[in-house]
Amino acid sequence: MSAHDHGADVGLIGLAVMGQNLVLNMADHGFKVAVYNRTTQTMLDFVAANPPGVFGDLGGSLEGYEELEDFVSAIHRPRRIVILVKAGPGTDAVIKALTPLLEEGDIIVDGGNAHWEDTARRERDLHEEGIRFIGSGVSGGEEGARFGPSLMPGGDKEAWTMLEDIWTKISAKVDADTGKPIEGAAPGKPVSGGVPCTAYIGSGAAGHFVKMVHNGIEYADMQMICEAYDLLRHLGQLQPCECAEVFARWNTGELDSFLIEITADILRQRDPSTGSPFVDVVLDAAGQKGTGKWTAVAALDMGVPAATIAEAVFARALSADRDGRSTASKLLSGPNGYSMGVLDDRLFEKREDFVEAVGRALYCAKICSYAQGFALMAAAADEFDWDLNMGEIASVWRGGCIIRAGFLQKITEAFGHQRSLRNLLLDPHFADIMNQHQSAWRDVVAASALAGVPAPAFASALAYFDGFRADRLPASLLQAQRDYFGAHTYERVDAPRGKHFHVTWPSDDRVQVEV
């Protein structure tokens with residue numbers, strides 16, 4: 001098929017599960033989609049399984065192409081081509097093969113989990129070729145891709161205006177008043193109405209940077225939920241099915257979220273082969289794909305304290321050392337008493353009090369991890385001149401994505417009241433929650449330390465909270481140490497910021513000089 005006005009509306013390369021589901025989502029919304037896959041048989045099977053009649057009444061369809069040249073020619077200009085292949089060299093290879101076949105003004109959209117620096121490089125290189133580029137975060141997993149993901153596009157703004165109709169229609173939708181996801185999408189029957197969970201994030205690599213931070217927050221969310229479960233299980237002495245009921249109850253209140261919901265489902269599950277609680281037969285060695293690490297590294301590079309996100313990454317790394325931990329468990333002893341009975345007289349009068357405190361600690365720690373993520377995005381906006389709208393980002397995360405949660409509506413409102421909000425903890429709503437719940441949070445962290453149950457994300461978040469609210473930190477001593485051993489200078493409390501001083505160390509006749 002040659003290029004003409006009646007060709008495909010959009011093309012997609014990469015028919016793994018995410019790519020297939022995104023194609024079906026687009027076709028459900030009435031788009032004609034051209035598809036290509038390196039393994040031709042995958043494409044042929046996919047097209048054969050999805051004839052035009054399965055896409056409802058909006059006129060959507062898909063057509064497969066065995067040759068890349070034919071695929072490109074089938075899309076009407078300016079071409080919109082979405083790539084959903086493995087991040088890194090795989091994406092570069094596809095772009096390299098595509099570029100000679102495209103014309104000025106055509107658009108490539110990378111929907112993979114690309115590192116944001118790769119996205120920045122690709123946009124620069126393609127701009128020189130006259131090709132527009134969008135790096136778009138896509139969150140929500142397989143189900144999100146099929147029925148409505150959260151989409152975070154960044155890059156060429158004019159390219160976004162040409163992609164907007166597709167991204168807006170296929171994204172998740174939330175209720176305009178409550179911010180809650182609108183459910184009910186089914187094959188051939190997309191959801192109509194509601195606020196789309198997509199928006200133009202910013203220029204350059206802003207979209208993939210924001211998606212990276214989303215994933216870093218996701219790491220922290222998951223780790224804190226696991227810590228809450230571990231505390232309930234080993235200190236509260238609850239069985240997995242009882243923990244499930246706790247999480248289900250939490251999901252009806254301020255902790256309402258997708259991850260809390262699925263945690264309740266998981267903890268109810270029995271292993272089909274043994275009948276044991278499913279969570280007990282899963283090996284406790286966590287995997288990771290690197291996006292959490294990228295977030296922690298970016299925070300270190302930009303000097304933004306995001307220790308809770310980093311702790312979540314380290315917790316996965318520690319879990320992966322299964323053999324080392326097994327050896328250590330036989331050599332290293334912990335405190336006596338590994339049950340709530342020992343802690344009753346110290347912190348909690350009864351188990352119900354402990355369960356309630358864990359929920360409050362989880363919520364406080366969650367707020368801190370989001371505060372760290374939004375602070376990191378603000379720092380990146382300053383460094384790379386991205387005009388990031390934090391309220392809009394929170395709004396995009398309200399539906400479709402893995403971290404979707406009821407309290408994102410409150411974050412949206414917080415930045416709506418004050419777009420330049422310095423830190424989420426300074427919003428009156430969240431400050432009030434922290435002030436109300438911190439006593440329970442401290443008791444839970446103390447209980448974990450007394451019993452030897454690791455809760456690194458809970459404890460790290462608490463340290464962040466205490467550090468952020470401190471008017472004076474011991475960094476004064478640290479700066480004196482740096483001046484002592486390295487002549488790194490220091491500032492004084494009684495001098496303007498930016499004036500630096502140095503003392504001659506060591507000496508009985510020390511002299512302070514302004515530097």
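**Exercise 1.** How much space lies in the second largest pocket?

*Solution.* The model is a predicted one, in which local features need pLDDT of at least 70 and side-chain atom pairs count only at pLDDT 80 or more, while totals for chains, interfaces and linings use all residues. Residues are numbered from 1 along each chain as its sequence is written, and side-chain values use heavy atoms, with hydrogens and water left out.

Step 1: a pocket is an open set of points on a 1 Å grid over the protein atoms alone, where a 1.4 Å probe fits, with protein on both sides within 12 Å along at least five of seven lines, and its lining residues have an atom within 4 Å of a point. Step 2: the volume, taken as the space filled by probe spheres set on the points, which are joined across faces, edges and corners, comes to about 990 Å³ for the second largest pocket. Step 3: its lining has 32 residues, and M18, N113, K211, N215 and K289 lie nearest the centre.

**Exercise 2.** Find the volume of the largest pocket and the element that gives the largest share of its lining.

*Solution.* Step 1: the volume is about 1600 Å³. Step 2: 39 residues line the largest pocket, and Q223, C226, Y229, D284 and S319 are the closest to its centre. Step 3: α8 (206-234) is among the elements that give two or more residues, and the largest share, 10 residues, comes from α8, where a helix is a DSSP run (H or I) of at least four residues, numbered from the N terminus.
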